[in-house]
Structure formats: structure tokens, C-alpha cells
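Please look through the structure below with its sequence at hand, and keep both in view while reading.

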Amino acid sequence: MADHGTVAAIAIGILFPVLFSALFLGKKRRKVRGVPVDVGGEAGYAIRNARKPELAEVPWEGATTMAHLFEQSCKKYTHNRFLGTRKQIGKELVTASDGRKFEKVHLGDYEWETYEEVFTRVSNFASGLIKLGHNIDRHVAIFSDTRAEWLISLQGCFRQNITVVTIYASLGEDALIHSLNETQVSTLICDSKQLRKLDSIKSRLTSVQNIIYFEDDDVEENAFRGSLSDWTIASFSEVQKLGKENPVEPSLPSKNGIAVVMYTSGSTGLPKGVMITHGNIVATTAAVMTVIPNMGSKDVYLAYLPLAHVFEMAAESVMLAAGVAIGYGSPLTLTDTSSKIKKGTKGDATVLKPTLLTAVPAILDRIRDGVLKKIEEKGGIVKNIFQIAYKRRLAAVEGSWLGAWGLEKWVWDAIVFKNVRTLLGGHIRFMLCGGAPLSGDSQRFINICIGSPIGQGYGLTETFAGAAFSEADDYSVGRVGPPPPCSYLKLVSWEEGGYRTSDKPLPRGEVVVGGFSVTAGYFKNEEKTNEVYKVDERGMRWFYTGDIGQFHPDGCLEIVDRKKDIVKLQHGEYISLGKVEAALSSCDYVDSVMVHADPFHSYCVALVVASRHSLEKWAQEAGIEYKDFSELCNKPEAVTEVLQSIFKVAKAGKLQKTEIPAKIKLLPDPWTPESGLVTAALKIKREQLKARFKDDLHKLYA
Ligand SMILES: *[C@@H]1O[C@H](CO)[C@@H](O)[C@H](O)[C@H]1NC(C)=O
Ligand SMILES: *[C@@H]1O[C@H](CO)[C@@H](O)[C@H](O)[C@H]1NC(C)=O
């Protein structure tokens, strides 16, 4: 990593910023990104995107549905590259030292189809579907990993005004059966992996009549045809061929028609189907296109997140509207060192060299950990230089804007960060991150090491992703940006929880989203729909997210809490678990914390993962003897010490008396994503923690 020029670089790196920061100190100014707006419905504090007074509904005139948009895009970008797929060159099973077998693949270059070619395939598929006997009044479901045929199937259905049902593969068998039955799906489109699962559940898929499967190298076609013989079964290319020979006139949908019923996990019980209209998709598409600077045919997008998830579906809609080339990959083949890539062969990013990438925090955390581990292994001068470079860049990114783009950046990029960048192909210019909050550390790491801005999206399936989007030139962390131009954000006071729009210094309240991206509600569930969706006197639809947020002066939203994490205690006081945890985590003894409260008690308690370093230091100074850390955590003196420290921090954080845990349990072992107790983004999972430490919690209330 370090080579000649290192010494010069360090000299430049230290000299220039000192001069520049002296010159530009105090020049930092926040651009206004969201401004107050007058809206209808429940009283609150509403913000619109600062760049546009009117809400954007379509990306351009006439693109009122995804079917219209797609056709117009294909006409506009005719001979440009559109969908790219890597051909499998080889496959092998590798046995690890513990006896487990892993599949490794060797994949070749991307093979591309143009917008015009894809349009032909979509038209043929749409015709073939009808010819195969699919009744257009019934739903089609797509159940597959992300790939070109997924998008082609989706657009094929849209061309015949057919609603598509999507199901997240990780939701499990019962969820799949429930979703297909609830929507009475008659044609199921799947890949070979999912096809193999169908045999054991076919007696429970009562509405299904046709199966269309994507061919790949793994399909043992004849075997399927035998075992699933009650159904009409056809391969994807057979359906296309059928359509080519028997063209059917398209029947394009209308703006308010349901394009997709997208199943998402409910926090309890069975998944809910969110009804997404064509109008929702084109509105979010129009809005996000304005967030990514200068997007167009020169861009290449690496698609690998599940298309059954709103975030990826929105992203690919944006790409096709802008004429971007979409290359397909998978999370397991993303980089040269990804788990499914055969040693010595190349990952998707290296071959594709994408300019645009979407990611979820878990993936960015993984990339960051991988890089840091490598640097740690190299040690010595490499590690030292990396640390100097990182620190300098961090100071620059967080400080003056000039430092962020100056000569020093160029130097560090050339000698240190170039190697990190090649991990993702070396050409990333913009990253979209969504799905969960991204930690400030990971965001900074990407800003600095990958050198690209991150647009952080906040949105739910119910708002077709488009609720808030941070902008390319916003380098702050922990915030999700202003609303995109397709929607408004409103904070509504929540008195019981103690969050009010009159709060100082920042207005706070439940986040409510209004506008064109707000979906039509839950499929066959009017009660739940009426609970969280409202239409105001001006005809605008609003969705109540259940998240608590606050607006910064520049109009950007920060999510601070979740409504359901608020508990009413025995005497009627409300306690916001997230708020208390945030306050307590600044205590030196606390590594992780979960606060617990219930209505049957007048006080709350907490599970605390003790910081080993701080607690052992204290024990040494206090002369406490102990065998191992676990024993130390059980000592009453240790518990008292931490409790006192927590009390001080809580007082400083202005917590009410009832909000301060009266009793705590100290735990020696950190909560890791592998243990299932925290998410990949290290957010605590309350239900899992409650179950794991049931007995400890019970004792705390005794
Ligand atoms: C399918 O849905 C119907 C109601 O629409 C219900 O009566 C039936 O039990 C469901 N079947 C399965 C397998 O879930
Ligand atoms: C599309 O299908 C829906 C429901 O099946 C129907 O109500 C609507 O009229 C159709 N739209 C058009 C433009 O044919």
C-alpha cells in the first residue's frame, strides 16, 4: 500500500491542511435542504424538499405508470446496454476443515442486452404469459433471487396490467403459503432454488395453476416436470417463445392500478401485503432521479440486493428511467473474496466496475471490517500510514469543505485508498444506502476509503421507499435527509411519549409521510390500513410510520426513537426505552444496554454488557479480587459502581427519575450479530434479548 511518494505525501498532508484550515476556519455553513410547508391533515410540523415547491409525480410527462415509463425508456435508450449477466464458467464443491461443503463458482464476463432487446423479451414474455393460460384478472408471484429475468417478468406482467406479488425468500415457508393464498396467485415464477422447495408444500398451494421457472445450470428439468405434474410447467424461454409466435396486444395499466403487492414481515405474526400503485413507483423514481447527480447512460449499476425488497425495486426503477446499464450480481459473489467466488477468480464488482451501488448497512459494515482486518494483518508502516491518512481525511471531511476536495485528498487517494477502492471495482461515484440506519463510523469509512458520497434513504415499503433521502453533498452523519421531491414529511406531537413539535431546540414527533409515494394500504386488511393510513381534507394520503424523528434547522430528518419502544409504567408515566438507552450508552462502563419496563412495575431495569476495559480498571484500583471477568460482573460492588455511574450519566442527560433503571444486571459477553441478539448494524433486538435473559429480568423485578 505504501510506496515511493509516501514521505512527500505525509509532508504535504501535514503542511497544507494547517494553512488551509487557518484560512477557512468558521466558513462551514449548512445548506438548507428542506423548508416548512403548509399541508392539510393532522396538525404538525411539515417539511418539503427545498428545491421544488410542488410535489413531483412523474419523471417526465406521459410516464404515468411503470409500463409506460419502461416502454418510453426502451425507445429512448434503444441501443444502450441495459441488462448484463455473468455466465457461469465452472462450479465446484469445496470441503472446509470442519467438513462442511461450500459451493464455489467461476463466473465470466458480463454479457449485455440492449434496451431494445430487453423490450422485445418483455413483450414476448407478456404475450406468452397470456398464451400459457394465465387469466389477467389473477395475480402472478415472483419468488426468486435477483436477476435479469426477474425484472423482465415484472415488466412483462405490467404490460398486461397484471398485479405482481413479491415475497421475501427469508420469510419462510408459512409466509410464502400465506401470501400466495391470500392473493390467490395463479402463476408462480421462480428460480431453480425455489422450485426445489415447492414439491414438499405443493398440496398447500391451492390457488397456483402455472409454474414458470428461470433456467440455469442447476435445473434438472425433467425431474421437476414429473414431480410437480399437477401444474402447467414451463421454462422462462418457452414462455418467451410462445409469446413471440403468438403476439398479444398489450394492455397497459393506469396510474392508480396496483402494480405490486409486496409482502413484508409484520412485527408479529404473518407478513402483510403492501399494495403499491404504479403512481407510487413512478413518483419515487422521479424523486430519486433528482437526488443522484448527473445520472445517465455512462453509469453502470451493480444490482444484487433482493428485488422483493422495496429499496432494490425502487433503485432499479430509477436506473432504467435514466438509461443506466444494470449488471446483476449477488451478495455472495460481490467481491473477489466473497464466499462463493472460486479462489483466484473475480467478483462481480471487479468485473463490472460499477459507478453506482446500493447497499444495506450490514454489507458496508462487512466491507469495512474486511479492510480493517487486512490492514491490521499487514501491520507496520502500512497500518501507520493508513491511520494517518484516515485521520487526516476524517478531519477534512468533518471540517472545511476545501479540505474535503483539496490536493491532500488527491495524494492520500493515490497512495492509500486506491487499493481499497479496487475492492468495489474502483469507479464508484455514488452509493445509496437504505434498509436500516447506517452507523456514523461506516458512513465515514465509505466517504473516505471509497471516496464517494452516500445517499442515505429512509423509507418503508408503505411509502415505496421515498420518505427521506440525504443529498450527495451532505457529509453529516446520523441523519436521513429532507423528503425527496415526491413527498412531504410531517412530525406530529405524541404527548404520551413526551415528543412534541414545540420541543426545543428541535421539533420532535411521530414521522408521518404524505404524498405520491404513499401506498394504497394493506391487502385484504382494511382495519390495519385505517389504523396507519389517513387521507386529509385536501385529498392527500398520509402514512403514520411509528418512528419518532426530529427536524434539524436545515430541514433534514433524524430518527431518534420508535413509538412501540415506549412503555407505560404502573403509575402512568411513559418511558421511552430508546431514549434512555441512548443516554446511558455514554456511560464508560456500558458497552451495550437494553432497558426493560412493563406496566406491572413502577420502575425500569436494564441489562448492561459491561465494558471490560473500564470495569477491570476500576476493580484494580478498588482492590477487588476476582477469578475471571464473569465473576467480576456478578460482584455486588461492581453492580453498585456501574449503577452509580449510570445514575450520574442519566442525571446529566436530564432523564426523569422513573426513566433511570432502578436495578441492573451486568453481563460479561458482548452482543454480536452472530448471536442473534443485535442486528448487523448493532441495533439491539428486544424480543430476542428478552427471551435470552428472561430469568435475569425476572430476578431484577423480584
Ligand atoms: C387460503 O385462504 C382461504 C380463505 O381465503 C382459507 O379458507 C384457507 O384456509 C387458506 N388456505 C391455506 C392453505 O392457508
Ligand atoms: C387493470 O386491472 C385492474 C384490476 O384488474 C382494473 O380495475 C383496471 O381497469 C385495469 N386497467 C386498465 C387500464 O385496463
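What follows is a description of a predicted model, arranged by topic.

**Domains**

According to the domain assignment, the protein is divided into domain 1 (1–29 + 364–412), domain 2 (34–55 + 473–563), domain 3 (66–81 + 108–279) and domain 4 (569–701). Between the C-alpha centres of domain 3 and domain 4 there is a distance of 48 Å.

Strand E21, which covers residues 541–551, is mostly covered, for 10 of its 11 residues are buried.

| Partner of E21 | Residues of partner | Sense | Bridges |
|---|---|---|---|
| E19 | 508–515 | antiparallel | six bridges |
| E20 | 533–535 | antiparallel | three bridges |
| E22 | 557–562 | antiparallel | five bridges |

Individual residues can be followed across these pairings. Gly-514 stands opposite Trp-542 in E21, while Tyr-533 faces Phe-543 of E21 as its opposite residue, and Asp-547 has Arg-562 in E22 as its bridge partner.

Two hairpins can also be traced here. In the hairpin that E20 and E21 form, five residues lie between the strands, and Gly-539 in the turn has a positive phi of about 90°. The hairpin of E21 and E22 likewise has five residues between its strands, and there Gly-555 takes a positive phi near 90°.

**The largest cavity**

How many cavities of 30 Å³ or more does the structure hold? There are four of them, and the largest cavity has a volume of about 60 Å³. Its lining is made up of Thr-284, Val-288, Phe-311, Ala-314, Ala-315, Thr-358, Leu-432, Ala-465 and Phe-469. Helix H9 (278–291) and helix H10 (310–322) each supply at least two residues of this lining, and the largest share, three residues, comes from H10. When the lining of the largest cavity is sorted by class, seven residues are nonpolar and two are polar, whereas no charged residues are found.

**The second largest pocket and Thr-335**

The second largest pocket has a volume of about 800 Å³. Of the 26 residues that line this pocket, those closest to its centre are Thr-335, Thr-337, Gly-370, Val-371 and Leu-423. Helix H12 (361–378) and helix H15 (407–422) are the elements that give two or more residues to the lining, and H12 gives the most, with 11 residues. By class, the lining of the second largest pocket divides into 11 nonpolar, eight polar and seven charged residues.

Thr-335, one of the residues closest to the centre of that pocket, is found in the loop between strand E13 (325–328) and helix H11 (348–352). Is Thr-335 buried or exposed? Thr-335 counts as buried because its relative accessibility is 11%, and the cut-off for a buried residue is under 20%. Leaving aside neighbours within four places in sequence, Thr-335 is in contact with Ile-341, Gly-347, Leu-423 and Leu-424. Among these contacts is Leu-423, which also belongs to the residues closest to the centre of the second largest pocket.

Methods
Residues are numbered from 1 along each chain as its sequence is written. Chains are lettered from A and ligands numbered from 1 in the order in which they are written. This is a predicted model: local features need pLDDT of at least 70, side-chain atom pairs count only at pLDDT 80 or more; totals for chains, interfaces and linings use all residues. Side-chain values use heavy atoms; hydrogens and water are left out. Helices (H or I, at least four residues) and strands (E, at least two) are DSSP runs, numbered from the N terminus. Buried means under 20% relative accessible area, exposed over 50%, partly exposed in between (1.4 Å probe, protein chains only). Contact means heavy atoms within 4.5 Å. On a 1 Å grid over the protein atoms alone, a cavity is a set of points where a 1.4 Å probe fits but cannot get out, and a pocket is an open set with protein on both sides within 12 Å along at least five of seven lines; lining residues have an atom within 4 Å of a point. Grid points are joined across faces, edges and corners, and a volume is the space filled by probe spheres set on the points. Ala, Val, Leu, Ile, Met, Phe, Trp, Tyr, Cys and Pro count as nonpolar, Asp, Glu, Lys and Arg as charged, and the others, Gly among them, as polar. Two strands pair if DSSP finds at least two bridges between them. Domain bounds come from an automatic or database domain assignment.
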